[in-house]
Amino acid sequence: VENEISGLVIGIPYHPSGDDLPHTRVVRNYVKQVSESKAFSLLRHPVPFIYCDETNTTLEAHTDLLEDNKNDKTYGFWSSRRAPTKVEISKRKQQIDMQSAVCILDRYLSIMKREIKTIREIKQ
């Protein structure tokens, strides 16, 4: 249905081999706590949590941000010889986290598009 939440995409870390990492369990436990919380149970239409592999999304985010900001003078402290301030480091971490979330959602949507295309081809 258009403009309704149909699920919450959660980035989950895996080893490049596909095996779980110690942090994988932390994410799963957190999702379990949220799904069992009183606030979540009060939703009119609870939605499923959808795990999406977040492998290398931080690297993708760095690359995307460097490309997007290569001409941005405020971005220069990462390429200058001076050490960045704590505020600059914090701001940069927030930018990377936000861009990583975009990468995770983009990855999930790409997978869904391929699956829809496959289903349509099977039906024909």
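Good morning. Because the model is predicted, local features need pLDDT of at least 70 and side-chain atom pairs count only at pLDDT 80 or more, while totals for chains, interfaces and linings use all residues. Residues are numbered from 1 along each chain as its sequence is written, and side-chain values use heavy atoms, with hydrogens and water left out.

I begin with two helices. Helices (H or I, at least four residues) and strands (E, at least two) are DSSP runs, numbered from the N terminus. Helix α3 (residues 57-68) packs against helix α4 (residues 86-123) at an angle of about 110°, and their axes are 8 Å apart. Axes here are lines fitted to C-alpha atoms, for helices over the stretch in contact, and angles run from 0 to 180 degrees between N-to-C directions. The two helices are therefore roughly perpendicular to each other, the term for angles of 65 to 115 degrees.

Which residues of α3 and α4 make the contact? Among them are Thr 57, Thr 58 and Leu 65 of α3, and Ser 100, Cys 103 and Ile 104 of α4; contact means heavy atoms within 4.5 Å. By class, this contact has six nonpolar, six polar and four charged residues. Ala, Val, Leu, Ile, Met, Phe, Trp, Tyr, Cys and Pro count as nonpolar, Asp, Glu, Lys and Arg as charged, and the others, Gly among them, as polar.

I turn to the largest pocket. Its lining includes Thr 57, Thr 58, Ser 100 and Ile 104, together with Val 9, Gly 11 and Glu 54. A pocket is an open set of points on a 1 Å grid over the protein atoms alone, where a 1.4 Å probe fits, with protein on both sides within 12 Å along at least five of seven lines; lining residues have an atom within 4 Å of a point. Helix α4 gives the largest share of this lining, five residues. Strand β1 (8-12), α3 and α4 are the elements that give two or more residues.

The second largest pocket is lined by Glu 4, Ile 5, Leu 8, Leu 43, Arg 44, His 45 and Val 47. Four of these residues are nonpolar, one is polar and two are charged.

Finally, the loops. Asn 56, in the loop between β2 (49-53) and α3, has a positive phi near 65° although it is not glycine. Tyr 14 lies in the loop between β1 and α1 (22-35). Tyr 14 and Glu 54 are 40 residues apart in sequence and 7.4 Å apart in space, C-alpha to C-alpha.

Conventions. Parallel < 35°, antiparallel > 145°, perpendicular 65-115°, else oblique.
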